[in-house]
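Welcome! Take a moment to look at the model below, and then we will walk through some of its parts together.

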Amino acid sequence: MGTGMSKDADGSSHGSEEGEENLDHAGGQLYVSLKMENLKLKGELIPHVYGSVPLVGSWDSSKALSMERESASMWELSFVVPPNHETLDFKFLLKPKHSNAPCVVEEGPNRLLTGGTLQGESRLAVFKNGDEILECRVFIKADRVSPFDLAASWRAYQENLQPSTVRGIPDVSINSTPMAGAENGSSASLELDLEHYVVPAPSISANSALVYAANNAENPRFSNVDGPGNASFSYKDSVVSADRPATIKMEVVIPDPSKIYSGSGMVESKSVGTFSPLQKQDGHRGLFVDRGVGSPRLVKSSSSSAFSSGLKLDTETKNSMPAAAGAVTAAAVADQMLGPKEDRHLAIVLVGLPARGKTFTAAKLTRYLRWLGHDTKHFNVGKYRRLKHGSNQSADFFRADNPEGMEARNEVAALAMDDMISWMQEGGQVGIFDATNSNRKRRNMLMKMAEGKCKIIFLETLCNDERIIERNIRLKIQQSPDYAEQPDFKAGLQDFKSRLANYEKVYEPVEEGSYIKMIDMASGHGGQIQVNNISGYLPGRIVFFLVNTHLTPRPILLTRHGESRDNVRGRIGGDTVLSDAGEIYAKKLTNFVEKRLKSEKAASIWTSTLQRTIITASPIPGFPKIQWRALDEINAGVCDGMTYEEIKKNMPEEYGARKKDKLRYRYPRGESYLDVIQRLEPVIIELERQRAPVVVISHQAVLRALYAYFADRPLKEIPHIEVPLHTIIEIQMGVTGVQEKRYKLMD
């Protein structure tokens, strides 16, 4: 990165007069690295540097700059010298770490560094601490660095001149013990009552309390006007005069279920996507690709004879692509160009007896697909039924020999399917249709309605474990609105079992079309998944996701690393060690994890590969620690190591673009939030697969993306989610869904 000079401990210099002349005319800034080595230096004494401008500005030892530990015996401090202050007058001193004892200043005259050249003879740093004399080797190195190199390669330059303090630690460490010499003083102790540290979760989080999953499904487009039993509906999208409210009569055409659906044969399913109207324009064949903030870019087809980049894209075109990057976008582009028209919208139709986890699976799949960037909605037929016919229907309503009940249930199923198809025609990509759909006639009706409009994949959930079925039934009685007004639990239980028996009499397993069968998968201990006629990127991702999901309750703890030196300086990115406050948090986090997970022998600790997370995790004993490159902070590219004020001043266009759309903005040579989501998908899959607690120690942008998945937050909110330092977010996963609890260990 430039020529340079250095003086070793023995006083020998490297460089030539020609090199010195080049330094003087390089036009760059001086980068200085000061190192001190002593094998006998105790951990209670921390080397510092103090001196005149620009190091500190005064010879006040209380303002001395702390050196950072590079290895067991080496300490280092590096900085950039402004062009108008290239004469440094300084000394080394030792300061006690945990007491107010006097500092120990090195003996001898001040050290003088002029233009990168050390004046006078090189010497050891000698300290007299009472009767003890400490001698430390000193290494001083100066390099001339261009401003461009400082901006574009700050992280690489730091790694070259300031090696990480955690290099050499394996990616996976088992049964590690606390760091040698780590104190658990009163300032770092944690009270035994964890509830003392609980703080309110964000009010906008829908998962901070128990919520019946079906209640979070899509609302019907009709509004019930005259109460249950009335067939009058008003669509929310209909135009109604403000001074004369009207009830709009709606006729729902239900295909004859007796007619067996005859499609065009077994057609392979394709990954979801929507067709761009640009492809229909004469003389043009293009595709809109979302490349981030800025003007839309049109990718020219090789077969195009004419092409214009000035075409205006309407809203439908812009919504035709998933809000995603990487593989998701690539798959959507391919399927738009190659797939059949009806395959550009995907309907996942649930099939299964009551209390088999259909709604739980639908809600979880919806959350996953939304997080990946696909516009996905969950349509629960039970919600439609309760709004249309009330929630107090007895088991007789669900008998197959009850023609009125059968007609009413087919009607609300058709309403929900019609709403889902209408939403897809408006730009929606994946619809999750949640109902029992327990016989072939009902499924034929749905396939007839979807013909030529969307691709249907049936998702059947089968469970033969009576223990799990009984647990699900009891949860259903406790949470379902169908039994909210039933005060007698036993009566509700008996009614639901009668309803279940009615469904079992007429149940027909799926054998038609494209389907996925989940057989005894709820426990997470084996089971089977059967697939038929499934292909394409998105259906394949859905199968992979379902293979790794289960209902085993376990906590996931999300926390940022302890405060780092760059946090204190307001700089983004980097790879600095912890500040004093960050070291205290590491100890408090250790105490918290030991108490919270004391009975969890299979728990594990996940960190990024950056040293501030590894150092935060290092005091935690007894649990495996695993480093994930995918958990590294968002790559700020050329902005790495800068403050936002510096970006605003020196790169105003980048600052404005980021402020305009933080979700899609990609740092030059760096990443966007959408890029981070793509690399985090394997982390999400593994978190879903784990049956034991996991502690994730990572960074703000990464934890925002992970938290958004569990809390089902819209993509556009991810860059603005609050994830404060020194706070633990506990995500409790299990059969009741996802709940959240927060602990603030320190300010």
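The structure holds two cavities of 30 Å³ or more. This is a predicted model, in which local features need pLDDT of at least 70 and side-chain atom pairs count only at pLDDT 80 or more, while totals for chains, interfaces and linings use all residues. Residues are numbered from 1 along each chain as its sequence is written, and side-chain values use heavy atoms, with hydrogens and water left out.

**Cavities**
- A cavity is a set of points on a 1 Å grid over the protein atoms alone where a 1.4 Å probe fits but cannot get out, and lining residues have an atom within 4 Å of a point.

- Six strands make an open sheet with mixed pairing, in the order β21-β22-β20-β23-β24-β25; two strands pair if DSSP finds at least two bridges between them.
- At the edges are β21 (376-380) and β25 (528-532), each pairing on one side only.
- Strand β24 (residues 514-519) runs antiparallel to β25, with five bridges joining them, and I519 stands opposite Q528 in β25.

**Two helices**
- The axes of α6 (residues 358-372) and α19 (residues 700-711) come within 8 Å and cross at roughly 145°; axes are lines fitted to C-alpha atoms, for helices over the stretch in contact, and angles run from 0 to 180 degrees between N-to-C directions.
- In α6, R367, Y368 and W371 meet A705, A708, Y709 and F710 of α19, where contact means heavy atoms within 4.5 Å.
- By class, this contact of α6 with α19 has six nonpolar, no polar and one charged residues.

Note on methods
Helix = DSSP H or I, 4+ residues; strand = E, 2+ residues; numbered from the N terminus. Nonpolar A, V, L, I, M, F, W, Y, C, P; charged D, E, K, R; others polar. 1 Å grid on protein atoms, 1.4 Å probe; cavity = no way out; pocket = protein on both sides within 12 Å on 5 of 7 lines; lining within 4 Å. Points joined across faces, edges and corners; volume = space filled by probe spheres on them.
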